[in-house]
Amino acid sequence: MKTAILIGFMGAGKTTVGRLFAKMLDVPLTDTDKMIIRKTGQTPGEIFATEGEPAFRALEHDVLQEVINNEGIIATGGGIIETPGNIQLLSEANVPVFYLSGSFGQTMERLADDDTRPILRSKTLMEVAALWRNRLPKYDAAASHVIATDNKTAAEVANEIRDLLGE
């Protein structure tokens, strides 16, 4: 049973919520970033550093095409909506796409100690804020549901998704 796709900015909780939600429903979780690591042996950050963002986005698109019809929950990378073809794939997936939406402040609090994000290592806070603002309409365009995540635990967000799906 195809259940849901999770999108949102880095630090939104897509993987954490996806893991909880998949466990609740006893369905598999597919994480596109983890698929990229399995395919290449490199983290997204390493691919950014060695091959650049365009190469990573092309690989991310290929992975999304490969997994878009997987059973269960799909947790995507934060920049999945940077490729127009991915927005089309998400909108045509015939499964609810949940945008985990948090304020910039809470998102940055979650990422404060995370040194694995290539964008955080290479950009200033102002540049990250501009990227976040630029992505907001893309997330909205790709989503069938928006879930506000501020001041909520991952379990609360997973329960909200479950309630929306009527599971």
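Colleague: How many residues has helix H9, and what is its reach from the first C-alpha to the last?

Modeller: This is a predicted model, in which local features need pLDDT of at least 70, side-chain atom pairs count only at pLDDT 80 or more, and totals for chains, interfaces and linings use all residues. Residues are numbered from 1 along each chain as its sequence is written, and side-chain values use heavy atoms, with hydrogens and water left out. Helices (H or I, at least four residues) and strands (E, at least two) are DSSP runs numbered from the N terminus, and the expected span of a helix is 1.5 Å times one less than its number of residues. For H9, residues 154-165, the expected value is 16 Å; the helix has twelve residues and reaches 17 Å.

Colleague: Which residues of H9 are buried, and within what arc do they fall?

Modeller: Buried means under 20% relative accessible area, exposed over 50%, and partly exposed in between, with a 1.4 Å probe and protein chains only. In H9 the buried residues are Val157, Ala158 and Ile161. The arc is taken from the directions from the helix axis to the C-beta atoms. Seen down the axis of H9, the buried residues line one face of the helix, because they fall within an arc of 100°.

Colleague: Which residue follows H9, and what is its phi?

Modeller: The residue after H9 is Gly166. Its phi is positive, near 70°.

Colleague: Which residues of H6 are buried, and within what arc do they lie?

Modeller: An α-helix has 3.6 residues a turn, so residues three or four places apart point the same way. The buried residues of H6 are Phe104, Thr107, Met108 and Leu111. Viewed down the axis of H6, they line one face of the helix, since the arc that holds them is 95°.

Colleague: How many aromatic pairs are there by the ring criterion, and what is the angle between the planes of Phe48 and Phe56?

Modeller: Rings of Phe, Tyr and Trp (its six-membered ring) pair if their centres lie within 6.5 Å; planes under 30 degrees apart count as stacked, over 60 as edge-to-face and the rest as tilted. By this rule there are three aromatic pairs. The centres of the Phe48 and Phe56 rings are 5.2 Å apart, and the pair is tilted because its planes stand at 45°.

Colleague: Which parts of the chain does the pair of Phe104 and Trp132 link?

Modeller: Phe104 and Trp132 form a tilted pair, with 5.4 Å from centre to centre and 55° between the planes. Phe104 is buried at a relative accessible area of 18%, and Trp132 is buried at 15%. The two residues are 28 residues apart and link distant parts of the chain: helix H6 (residues 104-111) and helix H8 (residues 125-142).

Colleague: Is Arg135, one of the residues that UniProt lists under "binding site", buried or exposed?

Modeller: The UniProt entry is unreviewed and places this feature at Asp33, Arg57, Gly78 and Arg135; its positions are given in the numbering used here, feature names are shortened, and annotations may be inferred rather than shown by experiment. Arg135 is found in helix H8. With a relative accessible area of 2%, Arg135 is buried.

Colleague: Which residues does Asp33 touch, leaving aside those up to four places away in sequence?

Modeller: Asp33 is found in helix H2 (residues 32-40) and is partly exposed, with a relative accessible area of 24%. Contact means heavy atoms within 4.5 Å. With residues up to four places away in sequence not counted, Asp33 touches Pro44, Phe56, Glu60 and Gly77.

Colleague: Where does Ala12 lie, and which residues does it touch beyond four places in sequence?

Modeller: Ala12 is among the residues that UniProt lists for "binding site" in the unreviewed entry. Ala12 lies in the loop between strand S1 (2-7) and helix H1 (14-25), and at 8% relative accessibility it counts as buried. Not counting residues up to four places away in sequence, it touches Leu100, Arg110 and Thr149.

Colleague: What is the bridge partner of Leu100 in S5?

Modeller: Two strands pair if DSSP finds at least two bridges between them. Four bridges join strand S4 to strand S5 (residues 145-148), and the two run parallel. S4 (residues 97-101) is mostly covered, with four of its five residues buried. The partner of Leu100 in S5 is Ile147.
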